[in-house]
Each structure stands twice: as structure tokens, then as C-alpha cells.
Amino acid sequence: MVRMIRKQIYIGPAHEARLKRMARLRKTSEATLIREAIDRQVATNPAASFDPEAWERALHFMRSLRRRRVRGEASPAFKRSDAYDGRI
């Protein structure tokens, strides 16, 4: 089973009534409906799923590539004609 973390939220009376009614109609818990709403928000809003640690790793990698090039390490030789090999 997934480990759950307890959160306390505040909602207005209208939200509470709608949440209770929807939970009753769908025969599920209010907490499940809240989790599903969070999942929908993350799925439709790319900024909500931003991972700062992943960004830092990517940035570190990009900077390492730049440092390699500055130090004079040879980058793979690319000739424009190579892009057309095998084409008509």
C-alpha cells in the first residue's frame, strides 16, 4: 500500500457540500476525490510537475559539456555532407 501523508486543508461551505455530494454519488472518499483533483491539475499544468533536482542535474550536465569544449577537447567532427549520406 502507498504510504499516505496527512494534510489539513481549508475549504468553503460550498466546496464542502459539493465534495460530500460527489463522494456520496461516486461511493468513494472525499480524500480520494481531492487526490484525483491534484493529479488532474498536475497533468494539465506542466509547471506543477517541475522537478528542481532534475533541472539541477541537467544544468550540471550542460555546463560540463561546455567546460569540456572550452578546454579544447575535440568535439565530434561533423560535416554537412554527412547529413545527406544515403539520400538521393
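**View 1. The second largest pocket holds about 180 Å³ of space.** This is a predicted model, where local features need pLDDT of at least 70 and side-chain atom pairs count only at pLDDT 80 or more, while totals for chains, interfaces and linings use all residues. Residues are numbered from 1 along each chain as its sequence is written, and side-chain values use heavy atoms, with hydrogens and water left out. Around this pocket you will find His15, Arg18, Leu19, Met22, Arg26, Leu33, Ile34, Glu36, Ala37 and Arg40. Two or more of these lining residues come from each of α1 (13-26) and α2 (30-44); helices are DSSP runs of H or I with at least four residues, numbered from the N terminus. By class, the lining divides into 5 nonpolar, 1 polar and 4 charged residues.

**View 2. The largest pocket has a volume of about 380 Å³.** A pocket here is an open set of points on a 1 Å grid where a 1.4 Å probe fits, with protein on both sides within 12 Å along at least five of seven lines; lining residues have an atom within 4 Å of a point. Its volume is the space filled by probe spheres set on the points. Met4, Ile5, Arg6, Lys7, Gln8, Ile9, Ala31, Ile34, Arg35, Ile38 and Asp39 form the lining, with 6 nonpolar, 1 polar and 4 charged residues among them.

**View 3. Phe61 sits in helix α3 (residues 52-70).** Phe61 counts as partly exposed because its relative accessibility is 47%, and that class spans the range between buried (under 20%) and exposed (over 50%), using a 1.4 Å probe and protein chains only.

Notes. Nonpolar A, V, L, I, M, F, W, Y, C, P; charged D, E, K, R; others polar.
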